[in-house]
Amino acid sequence: MKVKTALVGINGYAKVHLNNLQRLVNSGKIALSAAVVLPHERTPENTAYFESVGCRVFGTLDEMFAQSQEKPDLVCIPTGIASHEPLTKCCLAHGANVLVEKPAAGSLAAVDRMRQAEADSGKFVAIGFQHIYSPELQSVKRDLLAGKFGCLKSISVMGIWPRADAYYSRNSWAGKLKTASGDQVLDSPANNAFAHYLNLPLFFTGTVFGRSGHPVEVTGQLYRARKSIESFDTCGIQLKTEEGIPIHAYFSHASLENHNPEIRIECEKAVLTLDFGDNVKRVCTPNGTLLEEGRLPAAHVDMFRDVMEKVSDRSVFTCTLDIAREHTFCIEELHRHCQVMDIPEHLLSVEEESGQFVVRDLYKTFRDCFLTGKKLIF
């Protein structure tokens, strides 16, 4: 039976959702029954596509539930952080399951209200941390739990993705702590672009497969190269889980060079490297001898497959609100206990045309911290 599916939004990252839903429509797996598209976002192209597959278009989610003859089994919500809680709760109240983008919400309180609404509804909420859905990365978690590589000692992650003026002007809350209406978003590399790569180490440290590790120590060095933002664009983060496993993370948007995320998992008998640039998993001995190597395929296909299957089979694993909650907990703790500092001017330059801020020797500094677990000090 086809999963009756609705989509909220079609611009920005929502295009990834639309592309994947189109693929599932073409394969006969789903029926795209409804979409919420603001009037100014409607084009002849997307309007023609929705009409061609029998998908009705509405202006709001409330309008969709009030007027749609067929209630959706699943609603996909690839929208801004502040909207995740109200849209998710609305869908649950109308008996629909939900796939909502990462992070789960802008505050721990919001995540907990979503968890309560999920429990009350009998439906499920899956979070769009797409890498968790990868069978290859799930196998890493299972190998860690089975002790294949000996005791887990530490996990480090780093990533640098340039983000210039266009990124910070794309909406009203980019780089902000709250929206204009006062909703907490805590936007930053760690809570947006690189949120996946903070969430994965937390997942890997969980003591059972379907749980993430809970940090009992959260410290960080939060910096901004771009002084116009409220939050940070460059950071070093140090966590320690209940089991005493250290996690070190280093993320930045202040560079001209792109360095895709890399996760290093140090165990007693092996070191695992997850390279999201080459999309390769490597397992080496502690002295560097290569033991095995494999591919890390794109994860969106796995995510949409698993979420669709969960509609009829609740045993299918998806990223839950409980898993995502640990990520939100870390973000709130960072902002609660760590002050955002300006990067010294003598370390900065700015590309005039794009407005890209650049921290001198950033990659070298990050790489040193990534390999040693040191704090990020400018």
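The structure is a predicted model, in which local features need pLDDT of at least 70 and side-chain atom pairs count only at pLDDT 80 or more, while totals for chains, interfaces and linings use all residues. Residues are numbered from 1 along each chain as its sequence is written, and side-chain values use heavy atoms, with hydrogens and water left out.

We may begin with the sheet. Nine strands make up an open sheet with mixed pairing, in the order E14-E13-E12-E11-E7-E10-E9-E8-E15. Its edge strands, each pairing on one side only, are E14 (290–295) and E15 (340–342). On average, neighbouring strands of this sheet are turned by 10° against each other, direction ignored. Helices (H or I, at least four residues) and strands (E, at least two) are DSSP runs, numbered from the N terminus, and two strands pair if DSSP finds at least two bridges between them. Strand E13 (residues 280–284) pairs with E14 in the antiparallel sense over five bridges; Cys-284 has Leu-290 in E14 as its bridge partner.

Helix H11 (residues 362–372) lies across strands E7 (152–160), E9 (234–241), E10 (246–252) and E11 (259–267), and runs at about 170° to E7. Axes here are lines fitted to C-alpha atoms, for helices over the stretch in contact, and angles run from 0 to 180 degrees between N-to-C directions.

His-131 sits in the loop between strand E6 (125–127) and helix H6 (135–146). Is His-131 buried or exposed? With a relative accessible area of 13%, His-131 is buried (under 20%, with exposed over 50% and partly exposed in between; 1.4 Å probe, protein chains only). Leaving aside residues up to four places away in sequence, His-131 touches Leu-137, His-196, Tyr-197, Leu-200, Phe-276 and Ala-299 (contact means heavy atoms within 4.5 Å).

Tyr-197 and Phe-276 also belong to one aromatic cluster, together with Trp-161, Phe-194 and Phe-251. The structure holds 13 aromatic pairs. Rings of Phe, Tyr and Trp (its six-membered ring) pair if their centres lie within 6.5 Å; planes under 30 degrees apart count as stacked, over 60 as edge-to-face and the rest as tilted. Tyr-167 is buried at a relative accessible area of 15%, and Tyr-168 is buried at 13%.

Arg-163 lies over the face of Tyr-167, at 5.3 Å from the ring centre (NZ of Lys or CZ of Arg within 6 Å of the ring centre and within 35 degrees of the ring normal). Arg-142 lies over the face of Phe-209, at 3.8 Å from the ring centre.
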